[in-house]
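Student: I would like to learn how to read a model like this one, feature by feature. Can we go through it together?

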Amino acid sequence: MSLRPAISTGTATPTIEGAGVHLHRAFGFQDPKAHDPFLLFDDFRNDNPEAYYRGFPWHPHRGIETITYVLNGTVDHSDSLGNTGSLKAGDVQWMTAGSGIMHQEMPSGNSMGQMHGFQLWANLPGSLKMTSPRYQDVGAKEIPEIIDDDGTRVRVITGSFWGQTGPVDGIAADPLYLDISYLAKFADASDPQGVLLEKEVLGQELNIRDLSGNRTLVRFGTGDEIVVRAGPEGMRFLLVAGSPIREPVAWHGPIVMNTQEELHQAFTDLRNNQFIKPQDH
């Protein structure tokens, strides 16, 4: 057995998106090969409603999947196909945009004004980029939670871990998405609203040792084991992995295709009100 070595570390960058939402971007709009099959990862934790309440008004998606994980507050969403819903603390939405939708997400804080969550973008292979859009809305109670004898708590969103399999399925990248926490002195970890995420860790191959610092991103090389050493205050992080797609990427904003011709066609469709395609039933 061998440990997976760290390839790189970095700190999420303050960014403003949507209609004025202040967030931190761990990565995105850079070399798509660096995090293949993932494209972007945003941390939208904020305790000031002025910094998020305007949300993300109507915008297009094509050729990708967006994964939204809410820790505190609520995210109301709707789209051009008539789908609507509300994500609350602990809920996850895995949206396959496929051939294209118009979408909006409007956040609101909890009783203390907290709006905490994350959004991950995963690429789709060329064979699935024009597939029909699909939603998987998963409530907090549907996500299996493992509590180990040493106090480690793991929520399995997708993939399999310690004998549990997450409820999100049928994803092209065959991903693993875990929310892992260890609280010092075996503190009660049953309430996810009581713990702020301390670290983000994401890559196709992963290893952690003596990691410190909030909003830290780490990528890793090959190996067999992941080792986490918590400090005296405990720790919490996201662990995400997926199978690389290894295809060409033509990318502009929330539209990701394989070629520039496909990308130009997507924007032509958008201009000509032909972006939304007939759906398979």
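Student: How many bridges join β5 to strand β10, and which way do the two run?

Tutor: Strands of a sheet pair through backbone hydrogen bonds, either parallel or antiparallel. In this predicted model, β5 and strand β10 (residues 101-108) run antiparallel, joined by 4 bridges. At the residue level, P60 stands opposite M102 in β10.

Student: In what order do the strands of this sheet come?

Tutor: The order is β5-β10-β7-β8, an open sheet of 4 strands with antiparallel pairing. β5 (56-61) and β8 (84-87) are the edge strands, since each pairs on one side only. On average, neighbouring strands of the sheet are turned by 20 degrees against each other, with direction ignored.

Student: Where is T74, and is it buried or exposed?

Tutor: T74 is in strand β7 (residues 74-79). Its relative accessibility is 18%, so T74 counts as buried; the cut-off for buried is under 20%. Leaving aside residues up to four places away in sequence, T74 touches S86, L87, K88, M106, P107, S108 and M115.

Student: How do I read the chain as a whole?

Tutor: Begin with the secondary structure, which comprises 1 helix and 22 strands. Of the 281 residues, 52% are buried. The accessible surface of the protein chain is about 12,800 Å², and carbon and sulfur atoms hold 50% of that. Among contacts with a separation of 6 or more, 69% are between residues 24 or more positions apart.

Student: Which aromatic residues form a cluster through ring pairs?

Tutor: F29, W121 and W251 are linked into a cluster by ring pairs. The count of aromatic pairs comes to 5. W121 is also among the residues that E65 touches.

Student: What should I look for in the backbone angles?

Tutor: Look at omega for cis peptide bonds and at phi for positive values. D36 and P37 are joined by a cis peptide bond, with omega about 20 degrees. P37 lies in the loop between β3 (21-28) and β4 (38-43). W162 is not a glycine, yet has a positive phi of about 50 degrees. W162 belongs to the loop between β15 (160-161) and β16 (164-165), and is partly exposed at a relative accessible area of 47%. N273, also not a glycine, has a positive phi of about 55 degrees. N273 is in the segment after α1 (260-271) and is exposed, with a relative accessible area of 73%.

Note on methods:
Residues numbered from 1 in each chain as written. Predicted model: local features only at pLDDT ≥ 70, side-chain atom pairs only at ≥ 80, totals over all residues. Heavy atoms only, no water. Buried < 20%, exposed > 50% of the residue type's maximum accessible area, 1.4 Å probe, protein only. Contact = heavy atoms within 4.5 Å. Areas by Shrake-Rupley, 256 points an atom, 1.4 Å probe, with all protein chains shown as cover. Phe/Tyr/Trp six-rings, centres within 6.5 Å; stacked < 30°, edge-to-face > 60°. Pairing = 2+ DSSP bridges. Axes fitted to C-alpha atoms, helices over the stretch in contact; angles between N-to-C directions.
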